[in-house]
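Visitor: Please show me the model. I would like to walk through it by question and answer.

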Amino acid sequence: FFNKFLKISKSIYNQKVSPYFFNFSYPFLFTKITDILFQQMMILIIVDYLIKSGFDLSRITLIFVIFFSSLHLFTLFKHKFYGLYFFFFSIIGSFLFPFLILKVQGGIIFSLSIHILSYVIGRAFIGIFFRNVKTVI
């Protein structure tokens, strides 16, 4: 759908700033969903460990904000402008994921869905707003 209806300018592809994020082919989707499942499994394990260690939700959230933002900091250097997207959503996820897992019944499913949806929204945003752009900031 995205590669057909929300095409991105070839000049952006040629800059190779973040080509994997633009490619919503079936192999990419399979590997990205597998990657997200792994990340969510790690999040669940970390939240479980922190709860069993006596941390409350506010402290877990603080740990996740520091941990997630640090892990996603490299995207600012590697993907430049597009790295802001990953960095910004990692901070949002830091607040959402622990809360959903601990306080919402079936929260891990919501957490997983939001994580996947963040990539879909990002690709749609790039397809809509950067369709005719010739260069990246």
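Guide: Ile36 lies in helix H4, residues 26-52; helices are DSSP runs of H or I with at least four residues, numbered from the N terminus. This is a predicted model: local features need pLDDT of at least 70, side-chain atom pairs count only at pLDDT 80 or more, and totals for chains, interfaces and linings use all residues. Residues are numbered from 1 along each chain as its sequence is written, and side-chain values use heavy atoms, with hydrogens and water left out.

Visitor: Is Ile36 buried or exposed?

Guide: Buried means under 20% relative accessible area, exposed over 50%, partly exposed in between (1.4 Å probe, protein chains only). Ile36 has a relative accessible area of 1%, so Ile36 is buried.

Visitor: Which residues is Ile36 in contact with, leaving aside its neighbours within four places in sequence?

Guide: Contact means heavy atoms within 4.5 Å. Ile36 and Leu112 are 76 residues apart in sequence, yet 7.4 Å apart in space, C-alpha to C-alpha. With those neighbours left aside, the contacts of Ile36 are Leu112, His115, Ile116 and Tyr119.

Visitor: How is the pair of Phe88 and Phe89 classed?

Guide: Phe89 is partly exposed, at 29% relative accessibility. The ring centres of Phe88 and Phe89 are 5.4 Å apart and the planes stand at 80°, so the pair is edge-to-face.

Visitor: What separates Lys32 and Asp35 in helix H4?

Guide: A salt bridge needs a side-chain nitrogen of Lys or Arg within 4 Å of a carboxyl oxygen of Asp or Glu. The side chains of Lys32 and Asp35 form one, at 2.9 Å, N to O. Lys32 is buried at 13% relative accessible area, while Asp35 is partly exposed at 28%. The two are three residues apart in helix H4, so their separation is about one helical turn.

Visitor: Is Lys52 buried or exposed?

Guide: Lys52 meets Asp48 in a salt bridge (3.1 Å, N to O). Asp48 is partly exposed at 38% relative accessibility. Lys52 has 66%, so Lys52 counts as exposed.

Note on methods: Rings of Phe, Tyr and Trp (its six-membered ring) pair if their centres lie within 6.5 Å; planes under 30 degrees apart count as stacked, over 60 as edge-to-face and the rest as tilted.
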